[in-house]
Amino acid sequence: MTSHLAPAIPFWLHVLGIISLGLALASSLVVAVDETRHPQHMWIMNLVWPITALWAGPLALVFYFTAGRRSTKAAMRQAKERQTKPPAMTKPFWQSVAVAATHCGGGCTLADLIVEWTALAIPVTLFGRLVFGTWVVDFIAAFLLGIAFQYFTITPMKQLSAREGLVAALKADSLSLTAWQLGMYGWMALVLFVFFSPSALPKHEPAFWFMMQIAMFAGFLTSYPVNWWLLRTGIKEIM
């Protein structure tokens, strides 16, 4: 379907977008406030959980109180005092994989937010298309931020030097980041070139960001099996 034949965004999708974004913002705020009282053992996760809530909304809120609360400073300190295994290490493996995937997605989501809004003021085109240029910049930013998120997790965890931490972060998250971005781009390609069009879905509209929320879910799904393998093989650490 060519872009000039793409249908306009229906009103119900605008309304659904507003509702979804509102729930996501509220969920993110709840997580952020709770973290001021129950900070995470790894400081970077204090960013990851609220960022995750921006696209997963109430689902992220439930997951935070189910799995995230297992990794607070208080929980880790109590485990150390009792000489028991940290609660973060006792959660089901599927939850550990989900945490690893959302940790990877935290950098990707933050990069998407920054790049998509920046592109409005500083457009970058590729093959004459703003969408493709933005995706390239987005991938670079997501990769850099994602590796940074992993670096600040794995370096203190393993007590590595700066160089060792960077190498370990690249090994742990390069495949996961790429898988996440492929899932996200795959969904947005369908949205922008099959279901609608870039001109019919401007970035200042709630419907665009609702589609981006779904794109993050797609990224989560495509990165989940990669993170499963990375954790099983020991390339990536359980958090």
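These legends describe close-up views of a predicted model. Local features need pLDDT of at least 70, side-chain atom pairs count only at pLDDT 80 or more, and totals for chains, interfaces and linings use all residues. Residues are numbered from 1 along each chain as its sequence is written, and side-chain values use heavy atoms, without hydrogens and water.

**View 1. F93 and W228 form an edge-to-face pair.** Their ring centres lie 4.7 Å apart, with the planes at 90°. Rings of Phe, Tyr and Trp (its six-membered ring) pair if their centres lie within 6.5 Å; planes under 30 degrees apart are stacked, over 60 edge-to-face, the rest tilted. F93 belongs to helix α5 (residues 93–121) and W228 to helix α8 (residues 206–232), 135 residues apart. Helices are DSSP runs (H or I, at least four residues), numbered from the N terminus.

**View 2. Seven residues build one aromatic cluster: W55, F93, W180, F217, F220, Y224 and W228.** The whole structure holds 19 aromatic pairs.

**View 3. R232 lies over the face of F93.** The distance to the ring centre is 3.9 Å. Elsewhere, the charged end of R129 sits over the ring of F132, 5.9 Å from its centre. Such a charge (NZ of Lys or CZ of Arg) is within 6 Å of the ring centre and within 35 degrees of the ring normal.

**View 4. L201 touches I9, V191, L192, A207, F208 and M211.** This list leaves aside neighbours within four places in sequence. Contact means heavy atoms within 4.5 Å.

Conventions:
Helix = DSSP H or I, 4+ residues; strand = E, 2+ residues; numbered from the N terminus.
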